[in-house]
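Student: Before we begin, could you take me through this model by setting each value against the criterion that gives it its name?

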Amino acid sequence: MNLFSLTRRKTFARGVHPASHKSTAGTPIRRMPFAPRILLPLAQHIGKPAVPIVSVGQEVVRGQPIARADGFLSVPLHAPVDGVVEAIELRPSARGPWTETIVIRTFEASTQEVRWSEPRDMDALSAREILQAIQDTGMVGLGGAAFPSHAKLSVPEDKPIHTLVVNGCECEPYLTCDHRLMLERSADLMRGIGYAMRAVGARQAVIGIEDNKPDAIASLAAMVPEGGQIRVVAVKTKYPQGAEKMLVKAALGLKVPAGGLPADVGAVVNNVGTLAMLGSLLPQGQGMTERVVTVTGPGIKRPGDYWVPLGTPMRTVLDWAGAESVSEREIILGGPMMGQAVASLDVPVTKGVSGILVFDQRKIQEEEARKRYPCIKCGECVKACPMGLNPSMLGMLAGAREYDLMGTDYHLGDCFECGCCTYVCPSNIPLVQQFRVAKAILRERAQAIHEALAAEQAAAQAELAQVMEHLPIDDESHLTGQRFDFGHAEGEGRKLGGSRHKINPHPTDKP
Amino acid sequence: MTAQTPQIQLRTSPHMKRGVTVERIMLNVVLALLPIVLFSIWQYGLSALALIVTVTATCVVTERLFNRASRSASTLSDWSAVITGLLLALTLPPAFPLWMGVVAGVAAIGLGKVLFGGIGFNVFNPALVGRAFVQAAFPVAITTWVPAFSPTRFSEFVPTTFTVPLMMPPDISEWARQALDGFTGATPLARWKFENELTPVQDFLTGAVTASAGETSAILILLGGFYLAARKFLDWRIPVAVLGSAAVLAWAFHLHDPGHFPEPAFVLLSGGLMLGAVFMATDMATSPVTPLGVWLYGILIGVVTVSIRYFGGLTEGIMYAILFANALVPLIDQYTQPKVFGQRRSS
């Protein structure tokens, strides 16, 4: 703590200030009715898809587990409605490819009551048991990443955690679902924070909230328990304040090393929505059946935050919120800066969907009218990149297909695709889009090299074994420092770009 | 699927853009230059007007012709050719023969910009490439000055303006002496360098000095700079670094030998330093992109300018200082890459 931290607003370096468009922040969360058909993809989270434990024709009740987790990095699914399993088949997903989906036909009499729960005494649970209970709720990071929450809270034992950072930034424009949850479910949130702190063994928790939400800051500050273990910290309103590394820097003043995780500096970051839902689900022993989704944008007549049952088709949500029937529109899942456009209205709301934005024709035409120029080297992207990269240079290298150079000399691997560079670029260059392609290509190349190396290593070892067979038992050459020259292995190594040291079959016998 | 199936747009994020475009930046630079252009015309009259119009039109036409030749779409709508034209005209003597102005404009766009691949690809500031070209080609004409505020400036052209193409301009020293009493035909920098005679600071502020068309209005140049910097269309660090380093260096020399070296105010206001620092060193395509690099680049320009003025053969150094720094920009960028978040220095 230095003197400056008293006067300066807590934040990170660089970043951008997009218009907030958070018009739905003042309206309470409303409920959305059940859709006649509920579509639950088995892969709604990062990790292995869940495994169905119901069969076609089986009746299920709201809250009943219908698919189990497949291993550690996986979560179960629960039925969001009372109904009957109509099919388990391939259906379109938001990402494009059709995926295995459980289709439930909703009973018309289905009620809001969750009829499948096992209330438990949370105080009696150990850290390990809390993690298991979290996995059983099927909870994932609700900020959009959909990473299983219990996995995120399971930190390696050699990295002690001192602080749980609670992410209430909601730095994406348009989205207000976390804001509303902080106001309406603050008691649940405090409980959830307590469970997560026990799960990771953190001494304190810091709730980071952007200072454009003074009501949330005030109401949570009034709720925090005595003793000072939980603090509310107002951080500067700036995109991408809600990115893990940025928030850890702003709230704690700690810099996560490049290529590392917050655990490397003793912190774990969790989203407020995730913890608020855990706070209510865990003691009741229920599974996740719904989430809050911000439905907004210029193409929506009744924008607002809604409790949406998981698996509700996009078409039902948009009909309910009053999407304008224009001939052209753009539908985005998540926020406008990092969200994903969807191609079909038949994809369902899944656990990771924080918002549904509908842009109308006018915005699309505006976008298409913009000309693209070559990079004029204005340096705006360099001033915007929160990771301290040089997107201008990376963009030119991407244009020249110099992907390897981007990875080695210009730190492409540190880019987390926040999109600030594309947002500011006056030349309208799709910088972050190019970086995604470059990263995918580099991943493929790394995979290919890895496989080739493994094959080569196996061949070299076989050859070494063969040579050893023909050697006299007390070979002097090792002592004199004389080395065998496996010309074959060396030549292959050169072909693979100088990785010879990795495949040298006898690296230790240098004098 | 019915006929009403909406067409859904698919794009990758971000789905929001800041509304600042290349066109908007360039148009604002043109707006910031307009007061300087108008002041220049008011100061030097019809000849300056003819020169500014001719040079700007030449730049625009040259760019269009190169577009045609390369069968590409017109690039005029980005306004950058207009900026090059205006800036080039402002760096020329007001009575520069028009045909030489045409040569300067063609050199600026042709050699300085299109040859490199157009906007964003040029290494050197195009306006200064044009000026350097005519400085080498027409050494007499580019140092032939006319008096500001001559009484007849709105009723007649300076005789040199309409020189027949490919011919040498007539000698106008007699005409200039008649136009304004006591006119010597030397710029303040030349008078300081060769006659050790200092021009008072208030003359610079009122524009009553002999100079290139756009070099006399320090206040208007600074106002334009403030406007662009406030709207973030210009990196304020560059003019601050150029003017700051020039002032500090000049001050050090002045302390060392007040009799020979002038005060910093004279160094900042005389010649093209102000125009160059605010409008030419800040050209985005030819300045560094890294925050640290921008400081180095600006300081380099300030130091080289003062060094040329004090120790070089020329009276003015800003043009070569900027061109020299332009050439070093790739190197500066290379060695001032920003520090990656969370990166340790050792790795």
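Predicted model: local features only at pLDDT ≥ 70, side-chain atom pairs only at ≥ 80, totals over all residues.

Student: Which strands form the open antiparallel sheet of chain A, and in what order?

Tutor: Four strands form that sheet in the order S2-S8-S7-S4, all in chain A, and the pairing is antiparallel. Strand S2 (37-41) and strand S4 (59-60) stand at the edges with a single partner strand each, so one side of each is left without a neighbour in the sheet.

Student: Which strands of chain A form an open sheet with parallel pairing, and which are its edge strands?

Tutor: The order is S11-S10-S9-S12 in chain A, with parallel pairing, and the edge strands are S11 (230-235) and S12 (267-271), each of which pairs on one side only. The twist averages 25° from one strand to the next. Six bridges join strand S10, residues 204-210, to S11(A) in the parallel sense, and Ile207(A) stands opposite Val232(A) in that pairing.

Student: Which helix lies across S9, S10, S11 and S12 of chain A?

Tutor: Helix H7 of chain A, residues 244-252, lies across those strands, running at about 110° to S9(A), which spans 163-168.

Student: Why is Cys378(A) called buried?

Tutor: A residue is buried if 20 or more other C-beta atoms lie within 10 Å of its own, and Cys378(A) has 25 of them within that distance, so the term applies. Cys378(A) is found in the loop between helix H10 (361-369) and H11 of chain A. Leaving aside neighbours within four places in sequence, Cys378(A) is in contact with Pro426(A) and Met284(B). By the burial criterion, 48% of the 511 residues of chain A count as buried.

Student: Which residues touch the most other members of the largest nonpolar core?

Tutor: That core has 236 residues, and Leu164(A), Val165(A), Val200(A), Ile356(A), Leu51(B) and Ile322(B) touch the most other members. The largest share of the core, ten residues, comes from helix H1 of chain B, residues 22-44. Leu164(A), not counting residues up to four places away in sequence, touches residues including Ile193(A), Met197(A), Val200(A) and Val268(A). In soluble globular proteins, nonpolar side chains tend to be buried together.

Student: What makes up the side of chain A that touches chain B?

Tutor: The contact takes 48 residues from chain A and 35 residues from chain B. Strand S15 (328-333), strand S16 (340-341), helix H11 (380-384) and helix H14 (420-424) of chain A each supply at least two residues of the side of chain A, and the largest share, five residues, comes from S15(A). That side divides into 26 nonpolar, 13 polar and nine charged residues.

Student: How confident is the predictor in chain B and in the complex?

Tutor: The mean pLDDT of chain B is 90, and 97% of its residues reach 70 or more, while the complex is given an ipTM of 0.90 and a pTM of 0.87.

Notes: Residues numbered from 1 in each chain as written. Chains lettered and ligands numbered in written order. Buried ≥ 20, exposed ≤ 12 C-beta atoms within 10 Å, placed from the backbone. Contact = placed C-beta atoms within 7 Å. Nonpolar A, V, L, I, M, F, W, Y, C, P; charged D, E, K, R; others polar. Pairing = 2+ DSSP bridges. Core = buried A, V, L, I, M, F, W, Y, C linked by C-beta atoms within 7 Å. pLDDT = per-residue confidence, 0-100. Axes fitted to C-alpha atoms, helices over the stretch in contact; angles between N-to-C directions.
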